[in-house]
Amino acid sequence: MSVYLASSAFRDQAYDLRQTVRAAAFYRFAGVQLFLGRPLLSSELYLKQVRDLAVSARLKVIVHLPDDFDDSFLPAAALLLSHQKEKKLVVHYFPGMAIPAWPGMAWGLENAFSGGDEMYFEELDRVAGERKGFLALDLPRLFALPVARKEDLVAFARGVLGKLNPDDVLHLIDFPGDDPARANWCVLGEGNMGLFAREIGAFPGAVVLEYEDLSSALKSREVLERWQWGGRLAPMSDS
């Protein structure tokens, strides 16, 4: 498992990418996931500074694109990823969405909807395979709705987790129940994600902590380390 810090941790600083990289380096994260907003497309010097900080700190970079991305994002994304062989882009996937053929880029398709829809995830897998890409699983998003039979959703989520491979990416925050409002977010393991401690701890790929404050990300990384080494927290009830 490699733990990445998302630029969402600096929401109070306009998701500053430089601050994200500096914090990731200081706290010894394996990498960063950087959200590339449209206003940054014309900020070449800033993006070079971000890239150079990542190079200096030997941090791996994943770029997350907004839902309204287009071909104009390619130069900025390529710049941020230019120092590494593995060039991963993450986008929310919507049914029937056209994924562009950007040279050298690996597309990560993230589930954009709540709940466990088998046909939707089959399409995700098919399109990712056609593009030689990967799955970016937002596990908490599966629980962001009321479910009559939560145990069915837990079983579905375990099935998806069991199919992940080392090239895939896992996005995590945590919240109890079915209300994902920011006010309900909690440290990893104190909500629904505690149900999957064993599966998450065994995942060999990149885990991105998408919290909107650095403190929660750091505390949750400690939990991930315990899960990875088998120090599992007591699981929540499925009911």
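Helices (H or I, at least four residues) and strands (E, at least two) are DSSP runs, numbered from the N terminus. The views below come from a predicted model, in which local features need pLDDT of at least 70 and side-chain atom pairs count only at pLDDT 80 or more, while totals for chains, interfaces and linings use all residues. Residues are numbered from 1 along each chain as its sequence is written, and side-chain values use heavy atoms, with hydrogens and water left out.

**View A. The second largest pocket and its lining of 16 residues.** Here a pocket is, on a 1 Å grid over the protein atoms alone, an open set of points where a 1.4 Å probe fits, with protein on both sides within 12 Å along at least five of seven lines; lining residues have an atom within 4 Å of a point. This one holds about 320 Å³ of space, where a volume is the space filled by probe spheres set on grid points joined across faces, edges and corners. Helix 4 (118–130), strand 6 (134–138) and helix 5 (150–162) each give two or more residues to the lining, and helix 4 gives the most, with 6 residues. Look for Phe121, Asp125, Leu135, Val160 and Lys163, which lie nearest the centre. By class, the lining divides into 7 nonpolar, 4 polar and 5 charged residues; Ala, Val, Leu, Ile, Met, Phe, Trp, Tyr, Cys and Pro count as nonpolar, Asp, Glu, Lys and Arg as charged, and the others, Gly among them, as polar.

**View B. The largest pocket, with a volume of about 570 Å³.** Its lining is made up of 24 residues, and those nearest the centre are Arg141, Arg182, Trp185, Glu210 and Glu212. Strand 2 (31–35) and strand 7 (169–172) each supply at least two lining residues. Strand 2 has the largest share, at 3 residues. The lining contains 11 nonpolar, 7 polar and 6 charged residues.

**View C. Alanine 14, a residue other than glycine with a positive phi.** Its phi is near 60°. You will find alanine 14 in the loop between strand 1 (2–6) and helix 1 (17–26). Alanine 14 counts as exposed because its relative accessibility is 65%, exposed being over 50% relative accessible area (1.4 Å probe, protein chains only).

**View D. Arginine 58, in the loop between helix 2 (44–57) and strand 3 (60–64).** Phi is positive at arginine 58 too, near 55°, in a residue other than glycine. With a relative accessible area of 79%, arginine 58 is exposed.

Terms used
Buried means under 20% relative accessible area, exposed over 50%, partly exposed in between (1.4 Å probe, protein chains only).
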